[in-house]
Amino acid sequence: MEENSVSQARAEAVAAAMDEIREIEAELGVTRAGVEAIRDRLVELSSQRELFPLTDFPTPDDSVNENSFMYRLAQDTDDRFALYAQASSGHVETPPHNHTTWAVVVGFDGQELNRFYERTDEGGVAEVDHHLVESGTGVAMLPDDLHSIHIDGTALNFHCYGLALERLDGREYYDSDNGEWKIFKSTSGIREGRTNLQGC
Ligand SMILES: [Fe+2]
């Protein structure tokens with residue numbers, strides 16, 4: 001496919017997936033079954049590999065002080081139903097955190113280790129599960145679920161949230177060095193990845 005037709009086909013496939021994801025949330029609500037159905041729909045989207053050439057989602061180079069970029073692929077006008085492609089290079093990890101909205105991670109290229117936690121009676125976290133997200137697999141989380149991500153090497157993964165990252169100003173993370181829960185600061189590194197923003 002030519003470049004323009006790839007981006008056009010990608011925009012249409014993303015829009016179709018997000019239409020169905022809105023319907024899934026409306027029908028099943030923010031439930032385990034709902035977020036797992038959303039994950040499965042995004043795995044289906046990611047299987048259309050020709051729509052997501054890695055060259056369309058470059059990883060950060062040495063000129064920036066970041067190891068990953070988030071390319072926005074979809075977001076409603078009210079900031080709900082946000083989809084990003086995260087392009088990473090090198091070592092990327094987060095502390096255990098929640099999202100305050102539902103969240104789904106689906107693999108495309110490379111590997112992203114997801115660790116899952118429960119809060120302990122002492123106010124910390126204990127790992128209870130993990131999943132290696134790679135092509136064809138994904139994880140789904142409810143708003144209070146806790147995870148951390150760990151990437152080494154290059155990776156491209158899809159991250160989808162019930163509300164855009166810039167609006168998630170109450171996400172908690174566990175600072176294990178100090179044994180404290182803290183609030184994630186605003187998200188940086190988000191780049192516009194939509195190609196058909198008519199009038200926006
Ligand atoms: Fe997360």
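**View 1. D79, a partly exposed residue in a predicted model.** D79 counts as partly exposed, with 21% relative accessibility. Buried means under 20% relative accessible area, exposed means over 50%, and partly exposed lies in between (1.4 Å probe, protein chains only). D79 sits in the loop between β1 and β2. Its phi is near 75°, a positive value in a residue other than glycine. Helices (H or I, at least four residues) and strands (E, at least two) are DSSP runs, numbered from the N terminus. The model is predicted: local features need pLDDT of at least 70, side-chain atom pairs count only at pLDDT 80 or more, and totals for chains, interfaces and linings use all residues. Residues are numbered from 1 along each chain as its sequence is written, and side-chain values use heavy atoms, with hydrogens and water left out.

**View 2. T100, in the loop between β3 and β4.** β3 covers 91–93 and β4 covers 103–109, and T100 is found in the loop between them. T100 counts as partly exposed, at 39% relative accessibility.

**View 3. Helix α1 and what covers it.** Helix α1 runs over residues 3–28. Its 26 residues should span 38 Å at 1.5 Å a residue, and the end C-alpha atoms are 37 Å apart, which agrees. The expected span of a helix is 1.5 Å times one less than its number of residues. Which residues of α1 are buried? They are V6, S7, R10, A13, V14, A17, M18, I21, I24 and E25. An α-helix has 3.6 residues a turn, so residues three or four places apart point the same way. The cover over the buried residues of α1 includes α2 (32–46), β1 (68–74), β2 (80–88) and β9 (155–163). Contact means heavy atoms within 4.5 Å. Just after α1, G29 takes a positive phi of about 70°.

**View 4. A15, a partly exposed residue of α1.** A15 has its place in helix α1. At 37% relative accessibility, A15 counts as partly exposed. A15 and V106 are 91 residues apart in sequence. Their C-alpha atoms are 17 Å apart in space.

**View 5. Helix α2 and its buried residues.** α2 has 15 residues. From its first C-alpha to its last, α2 reaches 21 Å, close to the 21 Å expected at 1.5 Å a residue. Buried in α2 are G34, V35, I38, R41, L42, V43, L45 and S46. Their cover includes α1, β2, β4, β7 (138–141) and β9.

**View 6. A85, buried in strand β2.** A85 has its place in strand β2. Is A85 buried or exposed? A85 is buried, with a relative accessible area of 0%. Leaving aside neighbours within four places in sequence, A85 is in contact with F57, F69, M70, Y71, L73, L156, N157 and F158. A85 and A140 are 55 residues apart along the chain, and 16 Å separates their C-alpha atoms.

**View 7. V133, buried in strand β6.** V133 is found in strand β6, residues 125–133. V133 counts as buried, at 0% relative accessibility. Not counting residues up to four places away in sequence, V133 touches V105, V106, G107, G110, Q111, E112, N114, G138, V139 and N157. One of these, N114, is 19 residues from V133 in sequence. The C-alpha atoms of V133 and N114 are 6.9 Å apart.

**View 8. The whole chain, as background to the close-ups.** The chain has 2 helices and 12 strands. From the N terminus on, its elements run α-α-β-β-β-β-β-β-β-β-β-β-β-β. The radius of gyration of the chain is 16 Å, close to the 16 Å that the globule rule gives for 200 residues, so the chain is as compact as a globular protein of that length. That radius is taken over C-alpha atoms, and the globule rule is 2.2 Å times the number of residues to the power 0.38. Along its principal axes, the C-alpha trace spans about 55 × 45 × 30 Å. Of the 200 residues, 44% count as buried. Residues 24 or more positions apart account for 72% of the contacts with a separation of 6 or more.
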